Amino acid sequence: MKVLVVGGAGYIGSHAVRALEESGHEAWVFDNLYQGHRGAVPADRLIEGDLLNPADLAAALDKSGAEAVMHFAALALVGESVTDPAKYYSNNVVGALNLLDAMREKGIWRIVFSSTCATYGVPPSSPIDESMPQVPINPYGDTKLAIEKALDAYSHAYGLGVAALRYFNAAGSHHSGEIGEDHDPETHLIPIVLQVALGQREHVTIFGDDYPTPDGTCIRDYIHVEDLCSAHVAALERLEQGQMMKLNLGTGNGFSVKQVIDACRKVTGHEIPAVMGERRPGDPAALVANSSKAFETLGWKPKYTSVEEVVASAWRWHQANPNGYAN
Ligand code: UDP
């Protein structure tokens, strides 16, 4: 299939491009390079443009000859979504609706959409399955849920085949060592801890140890980015017209902030000083996926199940590229 990967120069999008090509598909990238990196994608497959400009989208769908779309291009910083919600509604909601309009105009009906466990807000219990209520607690989660709902309605009315994939915590890097995680600013736990190991930061601050978890720090489900992307390809290949898949993507294993820091110490051999800080607003105590629906629907399973393997994969990229794509 010819696939337009919207946001394909970003962290997860660039790994999806590799996963598509490794499965024999032809991947094209549409990206405005706001957060994405030119170095993360093949130059002859990059179409620069903006989701907020419908003419750019129409041109990209024509040039790529796309039969399907994967949509990764969204802003994803919870704190920024609280202080500047207009930016989030514009990019994440208006941009996605523009994409759906452009697809309808060209008769393209397959879409895989990056959704998030943030749509569950503070879940009533953990692990989380897809039947739990979706009650986001910040504008970022609201924008993702708004698009899930639009996709539901569009699928029903216009026959779109949709996979809305609710990610837990993506981490790690491609086995080739050629692409990895490079955010500015970096806010995610694993890259921050590895920056301490590289001597780029003096310490990591643990955001609270008074949560109702065994060691008091927050628990998350860290899924390797290659596992995440192989699930995208499996979903794409199974989509049927008018179908709406809503699937959690996680490993089912939760690790606390302290356990992640310990894994990073073990993998890097660095002592990694940690300082206790305040809770970060909006952080639920535990977010762990029940992904059995994805296992059954997609015939898929994550290959990486230990957080140490995920950290080791991230560490290879960060060690070789201490300044990310700026190298
Ligand atoms: N975290 C932390 N210190 C940091 C960054 C993150 O203690 O410098 C914690 C954060 O509060 C959360 C977990 O690490 O409990 C994972 O955070 P991240 O931002 O990587 O992903 P999120 O779960 O917010 O999507």
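Leaving aside neighbours within four places in sequence, which residues is L165 in contact with? They are V112, F113, S114, S115, A231, H232, A235, L247 and L249; contact is taken as C-beta atoms, placed from the backbone, within 7 Å.

The model is predicted: local features need pLDDT of at least 70, side-chain atom pairs count only at pLDDT 80 or more, and totals for chains, interfaces and linings use all residues. Residues are numbered from 1 along each chain as its sequence is written.

**Core**

L165 is also among the residues with the most contacts inside the largest nonpolar core, together with L4, V5, V6, V193, L249 and V260. This core has 99 residues. A nonpolar core is a set of buried Ala, Val, Leu, Ile, Met, Phe, Trp, Tyr and Cys residues joined through C-beta atoms within 7 Å; buried means 20 or more other C-beta atoms within 10 Å of the residue's own. Helix α7 (residues 225–238) gives the largest share, seven residues. Because domain 1 (2–171 + 222–249) and domain 2 (189–221 + 252–320) both contribute residues, the core lies between them. The domain bounds come from an automatic or database domain assignment.

**Sheets**

Helices (H or I, at least four residues) and strands (E, at least two) are DSSP runs, numbered from the N terminus. Two strands pair if DSSP finds at least two bridges between them. The two open sheets are listed below.

| Strands | Order | Pairing |
|---|---|---|
| seven strands | β3-β2-β1-β4-β5-β6-β11 | parallel |
| three strands | β12-β9-β14 | mixed |

The twist averages 20 degrees from one strand to the next, with axes fitted to C-alpha atoms, for helices over the stretch in contact, and angles between N-to-C directions running from 0 to 180 degrees. Five bridges join β1 (residues 2–6) to β2 (residues 26–31) in the parallel sense, and A27 in β2 is the bridge partner of V3. Helix α4 (residues 85–106) packs on the sheet and touches β1, β4 (68–71) and β5 (110–116). The direction of α4 makes about 175 degrees with that of β4.

**Annotation**

An unreviewed UniProt entry annotates residues 3–243 as "domain: NAD-dependent epimerase/dehydratase". Over residues 3–243 the chain is 39% helix and 18% strand, with the end C-alpha atoms 18 Å apart.

Terms used. A residue is buried if 20 or more other C-beta atoms lie within 10 Å of its own, exposed if 12 or fewer, and partly exposed in between; C-beta atoms are placed from the backbone. Two residues are in contact if their C-beta atoms, placed from the backbone, lie within 7 Å. UniProt positions are given in the numbering used here, feature names are shortened, and annotations may be inferred rather than shown by experiment.
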